[in-house]
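This report examines a protein model through its contacts, its strand pairing and its nonpolar core.

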Amino acid sequence: MEPVRTCLGCRQRAPRPSLVRVVARDGRVAVDAAARLPGRGAWLHPDPGCVEQAIRRRAFGRALRATDLGTANLLADIIATQTSRKG
Ligand SMILES: [Zn+2]
């Protein structure tokens, strides 16, 4: 059985490998590409729609227990992660 996580954007459950882990780091939301950083993490689809939904609902602050997290580069970071993963 694959571990399942809930996407912070669309709130749908999905197998972990299809989601991207993010953590709060240096006052902003950072992509945890290897899913190994310590601390609270949140999961979401590497999809612009899901990222935008999570930002609009301020879901990151709630999920990561931090306020005023910067998300300016988050979408670009997630897309870069996915691109490098595909090689
Ligand atoms: Zn989603």
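In this predicted model, Val31 is in contact with Val20, Val22, Asp77, Ile78 and Thr81, when its neighbours within four places in sequence are left aside. Val31 itself belongs to strand 4. Is Val31 buried or exposed? A residue counts as buried if 20 or more other C-beta atoms lie within 10 Å of its own. Val31 has 23 C-beta neighbours inside 10 Å and therefore counts as buried. A further pair involves Val31 and Asn73: their C-alpha atoms are 9.9 Å apart in space, although 42 residues separate them in sequence.

**Strand pairing**

Strand 3 and strand 4 form a hairpin, with two residues between them. In the turn of this hairpin, Asp26 has a positive phi of about 55 degrees. In a regular strand, side chains alternate between the two faces of the sheet.

**The nonpolar core**

The largest nonpolar core has 20 residues, and those that touch the most other members are Leu8, Val20, Val22, Ala42, Trp43, Leu44 and Phe60. Two or more residues of this core come from each of strand 3 (20-25), strand 4 (28-32), strand 5 (41-44), helix 1 (48-56), helix 2 (59-64) and helix 3 (74-86). Which element gives the largest share of this core? Strand 3 does, with four residues.

Apart from neighbours within four places in sequence, Leu44 is in contact with Cys7, Leu8, Gly9, Leu19, Val20, Val22, Cys50, Val51 and Ala54.

**The chain as a whole**

The protein chain has three helices and five strands, and from the N terminus on its elements run β-β-β-β-β-α-α-α. The radius of gyration is 12 Å, close to the 12 Å that the globule rule gives for 87 residues, so the chain is as compact as a globular protein of that length. Along its principal axes, the C-alpha trace spans about 35 × 25 × 25 Å. Of the 87 residues, 25% count as buried. Among contacts between residues at least 6 apart in sequence, 55% join residues at least 24 apart.

Conventions:
Residues are numbered from 1 along each chain as its sequence is written. This is a predicted model: local features need pLDDT of at least 70, side-chain atom pairs count only at pLDDT 80 or more; totals for chains, interfaces and linings use all residues. A nonpolar core is a set of buried Ala, Val, Leu, Ile, Met, Phe, Trp, Tyr and Cys residues joined through C-beta atoms within 7 Å. A residue is buried if 20 or more other C-beta atoms lie within 10 Å of its own, exposed if 12 or fewer, and partly exposed in between; C-beta atoms are placed from the backbone. Two residues are in contact if their C-beta atoms, placed from the backbone, lie within 7 Å. The radius of gyration is taken over C-alpha atoms; the globule rule is 2.2 Å times the number of residues to the power 0.38. Two strands pair if DSSP finds at least two bridges between them.
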